[in-house]
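Visitor: I would like to learn how to read strands, cores and pockets in a model such as this one. Could you take me through them, giving the general idea before the case at hand?

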Amino acid sequence: MENCIFCKIVRGEIPSTKIYEDDNVLVFKDLHPVSPVHVLIIPKVHFDNLHMMSTSCEGLEALNAIFQALPEIVRLVGLEEKGFRLINNCGVSAGQSVMHTHFHLIGGRSLGTKIV
Ligand code: AMP
């Protein structure tokens, strides 16, 4: 997508701190971290949101690639033993501000028991 920030990151048109990359998945540090570890996991192919991904064959394949990569990503950010929270905001009312599906992988501190 021409004007999507995360597509621009995938294309290398705007900088990011990359943590992991393969043919289908890119992981980079969030600009405004909420915890010592806060990275964004995205499919390289543009999908507006998780609902759109999970309702198409191409999207489900991309989700599969993300979850296959997840153990390696978790290892790279050092959260294998400590644990982590994986968050997706789907749609504006859920707080999604960048309309390219992304999962927030956060951890490195006690996150408490409440989701919101
Ligand atoms: P969400 O509110 O779930 O859509 O999350 C969007 C996230 O993208 C926020 O946590 C932002 O800090 C992060 N973000 C926005 N632009 C960039 C960027 N250029 N590089 C890294 N993270 C970004």
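Visitor: Which residue in E5 does leucine 40 stand opposite?

Guide: Strands here (E, at least two residues) and helices (H or I, at least four) are DSSP runs numbered from the N terminus, and two strands pair if DSSP finds at least two bridges between them. Leucine 40 stands opposite histidine 104 in E5, and E3 and E5 pair in the antiparallel sense over five bridges. E2 and E3 also run antiparallel, joined by five bridges, and there valine 25 has proline 43 of E3 as its bridge partner. This is a predicted model, in which local features need pLDDT of at least 70 and side-chain atom pairs count only at pLDDT 80 or more, while totals for chains, interfaces and linings use all residues. Residues are numbered from 1 along each chain as its sequence is written, and side-chain values use heavy atoms, with hydrogens and water left out.

Visitor: Are the faces of E3 covered or exposed?

Guide: Buried means under 20% relative accessible area, exposed over 50%, and partly exposed in between, with a 1.4 Å probe and protein chains only. Both faces of E3 are covered, with Val37, Val39, Ile41 and Pro43 buried on one side and His38, Leu40 and Ile42 buried on the other.

Visitor: Which residues of the largest nonpolar core touch the most other members?

Guide: In soluble globular proteins, nonpolar side chains tend to be buried together. A nonpolar core is a set of buried Ala, Val, Leu, Ile, Met, Phe, Trp, Tyr and Cys residues joined through side-chain atoms within 4.5 Å. The largest one here has 20 residues, of which Tyr20, Val25, Val27, Ile41, Ile73, Val77 and Leu105 touch the most other members. Strands E2 (25–29), E3 (37–43) and E5 (103–107) and helix H3 (57–76) each give two or more residues to this core, and H3 supplies the largest share, eight residues. A second, separate core of nine residues includes Cys4, Phe6, Cys7 and Leu26.

Visitor: Which residues lie nearest the centre of the largest pocket?

Guide: On a 1 Å grid over the protein atoms alone, a pocket is an open set of points where a 1.4 Å probe fits, with protein on both sides within 12 Å along at least five of seven lines, and lining residues have an atom within 4 Å of a point. Of the 23 residues lining the largest pocket, Phe6, Asp30, Leu31, His32 and Leu40 lie nearest its centre. Helix H1 (5–11), E2, E3 and E5 each give two or more residues to this lining, with H1 giving the most, three residues.
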